[in-house]
Amino acid sequence: MAALDSNREDWTQVIEPTEGLFKFNLRELWRYRDLILLFVRRDFIAVYKQTVLGPLWHFLQPLFTTAVYTLFISIVKVPTDEIPRILFILTGVVLWNYFSSCLIKTSNTFIGNASIFGKVYFPRLVIPISVIISNLMSFAIQCLLLIPFLIYYRQNIHPTIYILAIPFLILLLAMMGLGLGILVSSLTIKYRDLNYLIAFGVQLAMYATPVIYPLSLIPGRFKAIASLNPLSPIVEVFRCALLGKGTFSIETILYSTVFAFGILILGVLMFRRVENSFMDTV
Amino acid sequence: MSTVIKVENVSKVYELGKMGTGTLASDIQRAFARMTGKEDPLLRIGETYDEKAIHIALRDVSFDVTQGQVLGIIGKNGAGKSTLLKILSRVTAPTTGKVKMKGRLASLLEVGTGFHPELSGRENIFLNGAILGMTNKEVARKFDEIVEFSGVSKFIDTPVKRYSSGMYVRLAFAVAAHLEPEILIVDEVLAVGDADFQRKCLGKMKDVSSHGRTVLFVSHNMEAVKNLCQEVVLLEKGQVAEIGKPAAVINSYFKRNTQYNSQILFNEQEAPGNELVKLRRAELHIQQGEILDINHGFELQFEFDLENDYSEFSYSLNLFAITGEHIFNTVSPVVSAKRGRVVASCLVPADLMNSGDFTVSIMAVSQRSITLFYFQNVLNFEIFDNRENEKWFGNISGAVRPKLNWKLS
């Protein structure tokens, strides 16, 4: 009997109805780090297998997008704070691509992986986290695309000290993409319409963000509304860092930071709330 | 022996309908209960709640599994076996109750989960291993063994979409088989795959349990359960109906789930037939026992009401498999019959029939050739398998399975 009693605390796993909203098991996530990396690898490799151009697609997509937008703003003569139009658009597009692909892909976490989730347990957050990381890799590759343009236009641009803040900007962007994405993916389980909403919602959100126009273009009375968009300061600081022009302040950066943390926490909470029982609803 | 799995009062409630509770109000009510850590209000008022809207898949299930045991879980479809497995493997959470476990749990059901067609065999071994809970190091250590076991070493750097389905399954199984979990779930493997696959699975089960690890074996194959398990849990309508030694629990499962001695009585108005003959009673009676298995004979008994006298009266009985296959026809002796109640019975001896579901039709005949009426599908019944000391648990096919006189030298 003594042996039995001493065993009582040895349980390695306890499965309970709800594991508490705030009990977030980081250690378990860490144990599955190999799986995260393998998913990153899978996403990265598998996408371009059996394509003619392979990883070249990482370059082609932003290049074509940039070409079209550059043509557009050249025609309607959008002022770009004296920054060469191509560079202006390319920085915006690359940054926006990262955010939108994070958001769109993570928002599909539950529905897109239902067949795996239905068979085997691993921390569900593994999937969206691996998406964020694999997108980060394509973002890094796309950033390489900036280099030849930065060199070609070196006379017209003035990189600033804010270059040091770029990793922080990317982190904020990743947090917002992940937070919003898993929030949406948690809600899509019940309200499937959100999936459709997100597809064109992201498209619309791009026009509400200074991607193909500078924030300085917005007239005074709309500025307050425009500054509600937490993505704007990130794009503006990024441009300021690399090209030397951007409209932002400490307050707006702080606002973006708080928003990023807030949305990530909210997303994780929602995600945790549904991950244990979503298989019953999907 | 210590307990490795402790299932404590586990219940699982499914809400029916595509939008969960359906109303925002009860969504909020549930969310509130959940946040304040209270019990789910819908389960507590289960008695008065609209039973159509919820389905209780498991109700207060409790049992313990000791280390090194092979525990069988049996029950009809819908008894809650799959739900229990889902909870144990953490795919879904219980609505109330707790499960405590010691060690890693893996399932042979998850064979090939997460295989990506574009990735090579090598990449998929690592990916699949990680999904099943192994670290890269563990997989790397066992990599050669896995490849050897799968027998696809030549194609290990080929994308698995180019594999034959056999190679695919072998590779997937090889990964799962090298997991070395403390607790292994084997779910209905005997129903899928060929004899070779079955042998591999059973070999793995024996291997696992002989190393002091625990196996949960879920199956409809009573022969396999009887021969492989030390203890069996019988689930019925989401509840544990019985726990105990395999033979006893399986017998009780058969008793609960059959219409042996099934008797159909008809009153005068409802009796099937025509103005010449009507069926009043049909009954299956098992000889010496309660369970209809292949080692027991059974008697088919009928009572009819005749409206006329017949000088030459007989029956013709057909037995069909439920799939429609005609197993046999048997004709009764010819007698003379008077108007009124006539009784007929026919004995099907032990060790003749194969296991399966069957249906009986009987024809009343006069003058050896004129059909008075053909009563179709009068009785339906299932004959269970019963094998002692066998090593083969798969299906034995054939319409009949007679015990015949063999002479061996």
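Trainee: Which residue forms a salt bridge with R341(B)?
Mentor: In this predicted model, the partner of R341(B) is E303(B), and their closest N and O atoms are 2.6 Å apart.

Trainee: Which residue of chain A forms a salt bridge with E123(B)?
Mentor: That residue is R41(A), with the closest N and O atoms 2.9 Å apart. Across the interface of chain B and chain A there are also four residue pairs in polar contact, counting pairs with both residues at pLDDT 80 or more.

Trainee: Which elements of chain B give two or more residues to the side that touches chain A?
Mentor: They are β1 (3-15), α1 (24-35), α3 (81-88), β4 (96-101) and α4 of chain B. By class, that side of chain B has 20 nonpolar, 14 polar and 14 charged residues.

Trainee: And what area is buried between the two chains?
Mentor: About 4000 Å² is buried between chain B and chain A, and carbon and sulfur atoms give 58% of that area. In terms of contacts, 48 residues of chain B meet 40 residues of chain A.

Trainee: Changing topic: how many cavities of 30 Å³ or more are there?
Mentor: There are two cavities of 30 Å³ or more. The second largest cavity holds about 40 Å³ of space.

Trainee: Which residues line the second largest cavity?
Mentor: The lining consists of L38(A), R41(A), R42(A), I45(A), L119(B), E123(B) and L127(B). Two or more of the lining residues come from each of α3 (33-48) of chain A and α4 (121-131) of chain B. The most is given by α3(A), with four residues.

Trainee: How does that lining divide by class?
Mentor: Four of its residues are nonpolar, none is polar and three are charged. The lining includes both R41(A) and E123(B), the two residues that form the 2.9 Å salt bridge.

Key
Residues are numbered from 1 along each chain as its sequence is written. Chains are lettered from A and ligands numbered from 1 in the order in which they are written. This is a predicted model: local features need pLDDT of at least 70, side-chain atom pairs count only at pLDDT 80 or more; totals for chains, interfaces and linings use all residues. Side-chain values use heavy atoms; hydrogens and water are left out. On a 1 Å grid over the protein atoms alone, a cavity is a set of points where a 1.4 Å probe fits but cannot get out, and a pocket is an open set with protein on both sides within 12 Å along at least five of seven lines; lining residues have an atom within 4 Å of a point. Grid points are joined across faces, edges and corners, and a volume is the space filled by probe spheres set on the points. Ala, Val, Leu, Ile, Met, Phe, Trp, Tyr, Cys and Pro count as nonpolar, Asp, Glu, Lys and Arg as charged, and the others, Gly among them, as polar. Contact means heavy atoms within 4.5 Å. Buried area is the accessible area (1.4 Å probe) that two parts lose on being put together, summed over both. A salt bridge is a side-chain nitrogen of Lys or Arg within 4 Å of a carboxyl oxygen of Asp or Glu. A polar contact is a pair of N or O atoms within 3.5 Å; within protein, one must be able to donate a hydrogen and the other to accept it, and residues adjacent in sequence count only if both atoms are side-chain atoms.
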